[in-house]
Amino acid sequence: MESNQVMKQIKEKYQQVEILDNHLLVPETDIKAVMKELRDAYGYNVLSNETAVDYQEYFEVIYNICRVPEGDMINIKVKIDREKAEIPSVVDIWPSAGWQEREIFDLLGIRFTDHPDMRRILLEDDFEGHPLRRDFKWVGGRD
Amino acid sequence: MLKTQEFTLNMGPQHPATHGVFRLLLHLDGETVVKAEPIMGYLHRGIEKLAESRTYTQVIPYTDRLDYLAAMLNNLGYVQTVEKLMGIEVPERAEYVRVIVSEMSRLASHCLATGAYALDLGAFTGFMFPFREREKLMDMFEMICGSRMTFNYMRIGGVADDLPEEFYPAIKKFLKEFPACVDEYDGLITGNEIFQARTKGVSVLSSKKAIQYGMSGPVLRASGINYDLRKKRPYGVYDKFDFEVPVGENGDCFDRYNCRVLEMRQSHRIIEQALERLQELPEEEPLNAKVPKVIKPPKGEVYHEIEGAKGVLGYNVISDGTVNPYRVHVRRPSFINLSLIDEMCRGWKVADVVAIIGSLDIVLGEVDC
């Protein structure tokens, strides 16, 4: 099935999901159900990439999942509250999220609930702040 | 049974077999690994953060420093993402030049992986032979862009410069000699009894596990899954070449190694074909698309993946309409391929850990970003 059709079917099943140009915008409460559905019913078996962006008013977590070995891909986004900065982890659905979520936690300070090992991964444990947040103050460099 | 006390051993951060500044904290029971704790970040430079205060063109040299063993492929992934974001069509001639240099980069990376793997397992001669070819490739890169490691050769919309006159005889000579060189690696390393005893059946990675953990590149293909983005989601002009994707059967260290050797032969085929097509094209054809002086992609976001030397290399570039990218994220294959290291090492001996890390072919510039 084409990824456009899959997106439409997901939208039919989960009313709050929105289809925006090339991705699905999923509410935080539905993310795990949608992910499970995509993996088990549609065969999207690999979480290729997971990352997050700081848009100052909110955070956006981005998931790029694909079918291996066919190769088609779906992009999923979740908007989360910047103050709370928390989202359910998808490690139990895709183990490959393990390190990527740790990286997001390290650099953007988004906490993944139910993640088995929520520690920093690249920076040292006593590092203060999360550098990829837009309000991170740093010495040196440009601007 | 005799009870032993568990102890810990630091492998790295300075250890030749970890291929960079990577620390593996081994929990050992005698010589057997009970647990392997990976600790990285020693080479973290915050490239994603630095990119936020650079212009789009200024980010290109930073990508060189991710996987510095195959820098052309990093260049390619980034420029193609920005081109997708801006809707730029790259001239055909530039596409073929890109394929040639990218596959050369893949060869250089696989040569190093093959040679260093032999060295990891104690074969010094096996290390020197692939390095001889890597050296020739480096010389050709120097002709093309003046640099041997960090090329900064690709540009948004094309490449920095035409291939120089002296490059053509050099690459032709190289292409003529290379298949015999790979035969030599096969004779020296692949067919070596000690090498096979050290790698066959070691740390078998099932195809199911490989998929769950998002493995890619030779590591995934060694487990029997035919997934190569050059075939499955062709980018650039990759759909115009005739080549095969080598796939392993057992998913052990030997298969991971062997996949790379077989891939070298395929890259050789691609370069031959690309060179032929390139020379058929008229020389006055441009090497750059018409790109505005100031690169200002429209508001939007693109995630684009290519097949890097180590696996699926993805770039996520977000533009807010200014001259600086709002966010650049890199999906680094080495980082994700490494995430299963604990499980892969468990139950094996210390000497096997070296074989396992080597077979994953990680590069720390990419793991730490």
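Colleague: What makes the meeting of the B:Glu305 and B:Arg233 side chains a salt bridge?

Modeller: Their N and O atoms are 3.1 Å apart, and a salt bridge is a side-chain nitrogen of Lys or Arg within 4 Å of a carboxyl oxygen of Asp or Glu. At 3.1 Å, B:Glu305 and B:Arg233 therefore qualify. This pair links distant parts of the chain, 72 residues apart: B:Glu305 sits in strand β8 (residues 300-307) of chain B, and B:Arg233 in the loop between α10 (229-232) and α11 (253-280). Helices (H or I, at least four residues) and strands (E, at least two) are DSSP runs, numbered from the N terminus.

Before you go on, this is a predicted model: local features need pLDDT of at least 70, side-chain atom pairs count only at pLDDT 80 or more, and totals for chains, interfaces and linings use all residues. Residues are numbered from 1 along each chain as its sequence is written, chains are lettered from A and ligands numbered from 1 in the order in which they are written, and side-chain values use heavy atoms, leaving out hydrogens and water.

Colleague: Which residues are joined into one network by salt bridges that share partners?

Modeller: B:Glu103, B:Arg106, B:Arg221, B:Asp228, B:Arg230, B:Glu263 and B:Glu307. Take B:Glu103 and B:Arg106 from that group: their closest N and O atoms are 3.0 Å apart. Both are in helix α4 (residues 92-120) of chain B, three residues apart, about one turn of the helix, and both are buried. Over all chains, the structure holds 43 salt bridges.

Colleague: What makes B:Leu119, B:Phe124 and B:Met128 a patch?

Modeller: Patches are made of residues with over 30% relative accessible area and no salt bridge; nonpolar side chains (Val, Leu, Ile, Met, Phe, Trp, Tyr) are joined within 5 Å, like charges within 9 Å. These three form a nonpolar patch with about 290 Å² of accessible area together, an area from the Shrake-Rupley method with a 1.4 Å probe, where only the protein chains shown count as cover for residues. B:Phe124, in helix α5 (residues 124-145) of chain B, counts as exposed because its relative accessibility is 52%.

Colleague: Which residues is B:His329 in contact with, leaving aside its neighbours within four places in sequence?

Modeller: Contact means heavy atoms within 4.5 Å. B:His329 is in contact with A:Asn49, A:Glu50, A:Thr51 and A:Glu103 of chain A, and with B:Glu48, B:Gly314, B:Tyr315 and B:Asn316 of chain B. B:His329 and B:Gly314 are 15 residues apart in sequence, with 8.2 Å from C-alpha to C-alpha. B:His329 lies in strand β10 (residues 325-331) of chain B, and its 4% relative accessible area makes B:His329 buried.

Colleague: What is the phi of B:Asp361?

Modeller: About 55°, a positive value although B:Asp361 is not a glycine. Most residues other than glycine have a negative phi, and most peptide bonds are trans. B:Asp361 is in the loop between α14 (350-360) and α15 (364-368) of chain B, and at 2% relative accessibility B:Asp361 is buried. B:Asn152 also has a positive phi, near 50°; at 26% relative accessible area, B:Asn152 is partly exposed.

Colleague: And which peptide bond is cis?

Modeller: The one from A:Val68 to A:Pro69, with omega near 5°. A:Pro69 is in the loop between β4 (58-66) and β5 (73-81) of chain A.

Conventions. Buried means under 20% relative accessible area, exposed over 50%, partly exposed in between (1.4 Å probe, protein chains only).
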